[in-house]
Amino acid sequence: MDPVERLYLDALMEEPAVPTGSLRPQLLAGARARRRPAAPTAAWAEPYAGRVAAMDALLASAAEDDWSRVIVEGWTLQELVAHLAAKDGLIAACVGAPVLGPPIGAADSLGRTSDVQAYERARSPEQTRRDWRAQADALCRHLADLPPTTPATLDGLEVPVSDHILARGLETWIHTDDAAKTARLRLPDPIPEHIRPTADLCARLLPWTMLFSGLNGAGRTLHLTLTGPGGGEWLLPLGVEDSEPGEPDAHISADVVKFCFLLGGRGDPADFPAELAGDLALARDVLTTAPALSGP
């Protein structure tokens, strides 16, 4: 069975109701035996571990020509995987987990990406894939015993490691989708239990994306509704120093997966499908600035 097809079986596994007499349990047991599972880790890091396993399944289906195909940012698939390994390695270094690949010189994302890509270009795609997965799994295992509030700094931003890991999960999800689209494959979405914390991180970033774009939302409040599995409701103060939300000034309702991808730099805010109400100018400002923190 193709590794990507087995991702659909993983999604099927999350459906709690199993019809009487169904062969689903036997089918899933066989699938799990053949696809490399996500690494064991802390519950709060499972959305990241799940996306690593999904990317690995996609890479397992890559043909030789696929590795030299440009995916995004002018990077081939091999260079994209090296980029993921580079950023995972920087987070690993922050929290005392093993760091694979070349010794860390540049400690910023772009510099480390350049170093790891140069290192991996002299190796085979399968070596790159193997070491990226080994780096991600080593990080997951280290996180299993780490408090989620442990501070970690990447690119000058110190936040709890749990937020960095959710961001790593989002980036891995988005780049897996980038690679899948290039290969004209359709992948299943993460399970709702993994989408929800990722969407929560994206929602909490909105005050920062506005501020980073030169807009101060202090004293204003957004009512955000994200629809679909893993979605929910958020009442968000839009000032980074605001401690409590007030009465909502604006309302945005959108699909939860599309919203996560908007924060991740995929999609045009001007054409983003959303229902707006209240202060429409404020709502549009929120959407326009939402991708401000996304990077390669």
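Guide: The largest cavity has a volume of about 80 Å³. A cavity is a set of points, on a 1 Å grid over the protein atoms alone, where a 1.4 Å probe fits but cannot get out; lining residues have an atom within 4 Å of a point. The volume is the space filled by probe spheres set on the points, which are joined across faces, edges and corners.

This is a predicted model, where local features need pLDDT of at least 70, side-chain atom pairs count only at pLDDT 80 or more, and totals for chains, interfaces and linings use all residues. Residues are numbered from 1 along each chain as its sequence is written, and side-chain values use heavy atoms, without hydrogens and water.

The largest cavity is lined by 13 residues. Closest to its centre are Ala 85, Leu 100, Gly 101, Val 116 and Glu 120. Helix 4, helix 5 and helix 6 (125-143) each give two or more residues to this lining. Helices here are DSSP runs (H or I, at least four residues), numbered from the N terminus. Helix 6 gives the most, with four residues.

By class, the lining of the largest cavity has six nonpolar, four polar and three charged residues. Ala, Val, Leu, Ile, Met, Phe, Trp, Tyr, Cys and Pro count as nonpolar; Asp, Glu, Lys and Arg count as charged; the others, Gly among them, are polar.

The count comes to two cavities of 30 Å³ or more. The second largest cavity has a volume of about 50 Å³.

Definitions and conventions: On a 1 Å grid over the protein atoms alone, a cavity is a set of points where a 1.4 Å probe fits but cannot get out, and a pocket is an open set with protein on both sides within 12 Å along at least five of seven lines; lining residues have an atom within 4 Å of a point.
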